[in-house]
Amino acid sequence: MRKLDVKQLVICVVAVLSPRFCVAEVYPLVPVIFMSGFLSGVNRSLLFLCSIGGLLALSPVRVLVKYGLVLILSTLLISAVEWYFHRCKTVVAAVMTGAVTAGVMIVWQMLRIPDASAVVIGVLEGIFVSGAVFLCTRLSFLFLDWEPQGKTALPVYVQGSERLSGYADSFSRLSKTFTQMNRYKNDFTAEELSRMQNEVAGTLCVSCDRCSVCWESEDAPMYRILYRFLQSVQQGEDTDESAGALKEQCICTEEMQRQVMRVFEKAHLNLSWYNRLQENRDAIARQLDAMAYIMEDCAKNEQDVTAAEGKLAAQIRFCLKEWGIVCDSLRILKKSGDKLEILLQAHTRGKRCVSVKEIAAQFSRTADRSFVPARDSRALLGEKETRLVFLETTRLAASYGVAKAVREGEQVSGDNFSFRMLDDGRCVMGISDGMGSGCQACKESEMVIDLIEKFMEAGFQPELALQMMNSAMVTHGENNLFSTVDLTCIDLDSGLAEIYKIGAAATFVRRGDRVVCMEDHSMPVGVFMNQRPVRQEVQLGDGDFVIMVTDGVLEHLYVEDAKETVSDIIRGIHTGNPSQFARQVLEQILLFTGGRVRDDMTVLTAGLWER
């Protein structure tokens, strides 16, 4: 039941004044106003008292008795129907109210003065009351949800949004600090070479009898000769010339060269670890940036358009009433892309359950928009108050199919795939091919796919999600195993597909009889920190297919142009079922390999259709 507000009071005041309207000694607005408010959720006790009070104050006693009887009988009948069926449709309630009104009027007139005209007047009043109740009930729902024009949409209050924005700013600053700390070194400085020279001399020359001859004089050439030798080693040049000069000056040339190489290798190892530390700082900085991004995204206020969409809200409330559902709270939000989201808190009358999918379908018919329940929503709405979320669907629908073949001699495929429908109207599909085959390759590719899924579901954009995943794999670095990533993100409203590749095989897009091959040549994920995915775009529409494959599908065809061969195979398949499509592609690939599976093979397909 709605909380009492000004609009309900207005309806109650109209109920009080309804006896002022009289036509041919009948008062049809009394049952009309009462039943309209009764059905639209106005406080029923207060409404009944107002209607009776109006009759007492503004009408004769005989009118009070007649219409008081009409209100009581109508209320009892409709309440009995709601108790038994757990709902009462407006048409049924209107007909019952009209019938009760007509019956009471006819009986009343026949008791006073038997007259044929009394029957006609009673029937006409009943018909009028039935139609007016139905019409006024719809209008009362619209009135209760109406807001003055020009009222701006209110932002949805997100608890702690200011704190989230503050956290996002702090993470951004911390990320900049880590970035500013990074100073990658590709080579040794002159100062470092001098320190290496001193280390060599301090280790080897300090125990030599000629140390004072080589080093203590101001014009001793040993400084210049050893420094030049270190430079030659550092730059990868031929050291014969500098080694010859060193031999003329030092009696322990061979030991000196060995010592220089040991010192240089140790310094080079330290340099590698130093750069590795910088990479880890870069990884932390990227993750901090990503955290700042997702916090800012969470802090953004959605548009609450319940007031602006008063007509839609009224239609939804009326629809719920017809289904015997009590609407405790209703809010309509506008999300990105002008998509609507309905937040409903409701319960059914009595011990009755209603399918949430049926409610979504009813909303779609009512609003002339397509709505579906949010992911992980409850399947049924019962007598317990429940919060439900309904999302506006997209122009295109997508479904997928997959076919896999495991490498000969292995029990587990090293390939893993994913297909996800996101709440923002995007479809994400991806394949990861772990290097090698077997369980270890499967674990690596599974980790990559799992990370991408989690990042995308959390709200990250594909490129940022891939960068986060790459930084995680760089720091992971176990057993030096790497995986490829092939990710396609499709906007199911516009049909725009974004294809991201990191070391992955070609992706094929079929549009009618035309097949487009999209490829890239890059290193797998986790090889180096600053790797960015290659992004390509393609426009998709009704009946188009996206076909993603792993390297095993292309590398063992033994034809002149493997990509053109696969394109011909795809062009020759005539089915609208993505699962059959993927299976037929793999079967025809195996015809070229003679049935041999020399590497893990995976074919992932997705088809798009207009809703």
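Start by selecting arginine 596 and glutamate 408: their side chains form a salt bridge, with the closest N and O atoms 2.8 Å apart. Arginine 596 sits in the loop between helix 19 (578-592) and strand 18, and glutamate 408 in the loop between strand 9 and strand 10 (415-421), so the pair ties together parts that are 188 residues apart in sequence. Arginine 596 counts as partly exposed, because its relative accessibility is 39%. Glutamate 408 is likewise partly exposed, at 38%. Keep in mind throughout that this is a predicted model.

Next select glutamate 610 and arginine 395. Their side chains also meet in a salt bridge, at 2.6 Å from N to O. Glutamate 610 belongs to strand 18 (residues 601-610), while arginine 395 is in the loop between strand 8 (386-392) and strand 9 (396-405); the two are 215 residues apart, and the pair links distant parts of the chain. Glutamate 610 is partly exposed, with 40% relative accessibility, and arginine 395 is partly exposed at 33%.

The backbone nitrogen of glutamate 610 lies 3.0 Å from a polar atom of the aspartate 542 side chain. In which loop is aspartate 542 found? Aspartate 542 is in the loop between strand 16 (534-539) and strand 17 (545-549). Its relative accessible area of 47% makes aspartate 542 partly exposed. Setting aside neighbours within four places in sequence, aspartate 542 is in contact with Leu396, Leu608, Trp609 and Glu610. Now show the C-alpha atoms of aspartate 542 and alanine 397: they are 9.0 Å apart, although 145 residues separate the two along the chain.

**Other salt bridges**

Move to lysine 321 and glutamate 322. A salt bridge joins their side chains, at 2.8 Å from N to O. Are these residues buried or exposed? Lysine 321 counts as buried, because its relative accessibility is 11%. Glutamate 322 is buried as well, with a relative accessible area of 12%.

Then select Glu498, Arg535 and Glu537, which are linked in a network of salt bridges. How many salt bridges does the structure hold? The count is 13.

**The cavities**

To display the lining of the largest cavity, select Ser418, Arg420, Leu422, Val428, Met429, Gly430, Ile452, Glu453, Met456, Glu457 and Leu487. Strand 10, strand 11 (426-434) and helix 15 (438-457) each supply at least two residues of this lining. Which element gives the most to the lining? Helix 15 does, with four residues. By class, the lining of the largest cavity divides into six nonpolar, two polar and three charged residues.

The second largest cavity has a volume of about 50 Å³. For its lining, select Ile431, Asp433, Thr484, Asp486, Ala504, Ala505, Val549, Thr550 and Asp551. Strand 11 and strand 12 (483-491) each give at least two residues to the lining of the second largest cavity. This lining has four nonpolar, two polar and three charged residues.

Methods
Residues are numbered from 1 along each chain as its sequence is written. This is a predicted model: local features need pLDDT of at least 70, side-chain atom pairs count only at pLDDT 80 or more; totals for chains, interfaces and linings use all residues. Side-chain values use heavy atoms; hydrogens and water are left out. A salt bridge is a side-chain nitrogen of Lys or Arg within 4 Å of a carboxyl oxygen of Asp or Glu. Buried means under 20% relative accessible area, exposed over 50%, partly exposed in between (1.4 Å probe, protein chains only). On a 1 Å grid over the protein atoms alone, a cavity is a set of points where a 1.4 Å probe fits but cannot get out, and a pocket is an open set with protein on both sides within 12 Å along at least five of seven lines; lining residues have an atom within 4 Å of a point. Ala, Val, Leu, Ile, Met, Phe, Trp, Tyr, Cys and Pro count as nonpolar, Asp, Glu, Lys and Arg as charged, and the others, Gly among them, as polar. Grid points are joined across faces, edges and corners, and a volume is the space filled by probe spheres set on the points. Contact means heavy atoms within 4.5 Å. A polar contact is a pair of N or O atoms within 3.5 Å; within protein, one must be able to donate a hydrogen and the other to accept it, and residues adjacent in sequence count only if both atoms are side-chain atoms.
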